[in-house]
Amino acid sequence: MEQLADRVRDDLAKIRYATGDWCEPLEQGGEPVLDVAIIGGGQGGLATCFALRRRGLGNTCIFEQAPRGGEGPWVTFARMVTLRTPKHVTGPDLGIPSLTPQSWFEARYGVEAWAALDKISRQDWQAYLDWLRESLALPVQNDRKLVDIDWQHGLLRLTFQQASGAQTQVWARKMVLATGIEGGGAWHVPDFITQALPASRYAHTSQQIDFAALKGKRIGVLGAGASAFDNAATALEQGAGRVDLCLRRATIPSINPYRWMENAGFLGYFADLPDAVRWRFMHRIYDLNQPPPQDTFWRCRKHENFAFHTGTPWLAVKETAEGVVVTTPHGDMTFDFLIIGTGFVIDLTRRPEMQRFAENVLLWRDRFTAPEGEESTVLASHPYLGGSFQFLPRNEADPAAPMLAAIHNFTFAAMPSMGLSGASISGMRFGVERLAQAIGRELFVQDGEKHLQSLLRYNTEELVSLAPPV
């Protein structure tokens with residue numbers, strides 16, 4: 001591993017041309033101003049910081065609310081055995097061979113182990129990200145939860161809170177939201193469940209769940225996606241008495257649109273398509289949904305005390321002496337505990353740190369009217385982003401417009417506008433490169449006059465002698 005880290009440094013030294021910092025340092029009220037503040041220390045935040053550094057934007061910092069080692073879902077609430085993406089998919093390495101997951105895995109386990117590997121485990125993926133962060137010496141501040149975003153003096157004023165309650169404030173010219181799936185809204189549990197049951201009777205798949213306490217219990221799982229099956233499998237493996245997974249669809253999704261999307265044309269240029277074409281792409285992708293991988297389904301199906309029920313939406317729930325009674329079109333089902341795999345909602349007003357401006361952000365429903373038969377409330381709720389991943393105002397004359405232009409949304413909510421990006425390993429490299437180039441361009445253009453003056457002051461002589469050579 002030490003040899004690989006040395007190779008990384010050697011590779012980067014060979015391509016370091018034009019990577020020196022070029023933004024002139026700024027201060028506000030005696031305090032330093034970051035060129036870019038990156039919110040989120042997971043894979044998207046790390047890759048973004050690395051990409052910006054390679055473009056000469058080193059005055060950046062990553063702020064992560066989790067403690068060290070708890071960034072992202074991989075060792076917190078993710079319950080799959082392996083990643084769902086193929087092992088050869090690259091991401092945070094940004095095309096540097098010595099930084100790829102394969103190079104890391106081979107250095108740690110051997111070339112033969114990589115050849116025999118099917119998919120990377122989620123624990124190894126977290127370890128790889130930790131190694132990448134350390135090898136690149138990326139600036140990350142953990143235990144920093146973003147609680148407020150303000151706009152003062154033409155700059156972003158960011159307020160962070162630590163677990164202790166202490167608050168710090170940071171000035172920044174630009175900000176990247178790399179907060180993953182949840183960063184565009186909130187995890188979703190249907191109201192008919194939250195309003196009828198105490199919190200002790202259910203948990204969303206994104207929550208910490210004491211599976212050991214569910215040993216011997218009857219578990220009901222709601223949802224058709226991979227995370228629903230991951231949690232069902234974990235409950236079974238931890239000794240649940242019985243697990244019934246229910247989904248409203250007539251069949252379990254089987255086609256994974258992500259595999260189709262993994263081509264350079266879509267990953268690199270989707271964001272440049274007309275609105276109507278982008279909408280139709282996403283309408284199809286969201287309609288297909290992401291199925292459980294075959295090995296995940298088998299992980300559940302091998303247990304005799306597991307059953308899945310298609311065409312079985314939950315209509316109502318109530319707590320009784322016998323347990324939680326779930327009403328379905330096919331009759332009642334009784335469980336001791338419910339696991340909710342209903343995903344998330346895109347709603348910026350649900351983000352506490354965005355309260356100052358969430359209502360001002362342009363959404364797809366404000367900009368685009370879907371053709372008859374292709375309507376989608378879900379797609380319409382996503383922010384309609386500019387070509388730099390930036391928020392746009394609903395009203396161009398809105399005083400909040402300059403602030404919104406300084407905030408680049410690299411969360412899952414960017415997908416209808418920009419395609420796969422920071423919340424997906426599959427699209428990360430393409431999305432990060434587009435984002436970093438856009439941020440660098442905007443900062444340089446904003447300071448164009450300053451750079452011109454720097455050139456006019458430049459007087460370092462290259463020709464220093466007119467005498468014959470010695």
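Student: Which residue meets R157 in a salt bridge?
Tutor: This is a predicted model in which local features need pLDDT of at least 70, side-chain atom pairs count only at pLDDT 80 or more, and totals for chains, interfaces and linings use all residues. A salt bridge places a side-chain nitrogen of Lys or Arg within 4 Å of a carboxyl oxygen of Asp or Glu. At 3.3 Å from N to O, the partner of R157 is E31.

Student: How many residues apart in sequence are the parts that R157 and E31 tie together?
Tutor: R157 belongs to strand 6 (residues 155-161) and E31 to strand 2 (residues 31-39). Such elements are DSSP runs numbered from the N terminus (helices H or I, at least four residues; strands E, at least two). The pair therefore links parts whose separation in residues is 126.

Student: Is R157 buried or exposed?
Tutor: Buried means under 20% relative accessible area, exposed over 50%, and partly exposed in between (1.4 Å probe, protein chains only). E31, at 31%, counts as partly exposed. R157 has 9% relative accessibility, so R157 counts as buried.

Student: Where does R201, the salt-bridge partner of E319, lie?
Tutor: The closest N and O atoms of E319 and R201 are 2.9 Å apart. E319 is in strand 13 (residues 316-320), so the pair joins parts 118 residues apart in sequence. R201 itself lies in the loop between helix 6 (191-194) and strand 9 (202-204).

Student: How many of the residues of helix 5 are buried?
Tutor: Helix 5 runs over residues 122-135. Its buried residues include D130 and R133, both of which also belong to the salt-bridge network. The buried residues pack against several elements, among them helix 1 (2-14) and helix 16 (425-446). Helix 5 is mostly covered, and of its 14 residues the number buried is 11.

Student: What radius of gyration does the protein have?
Tutor: The radius of gyration is taken over C-alpha atoms, and the globule rule is 2.2 Å times the number of residues to the power 0.38. With 470 residues, a compact globule would have a value near 23 Å. The protein agrees with this, at 25 Å.

Definitions and conventions
Residues numbered from 1 in each chain as written. Heavy atoms only, no water. Expected span 1.5 Å × (residues − 1). Contact = heavy atoms within 4.5 Å.
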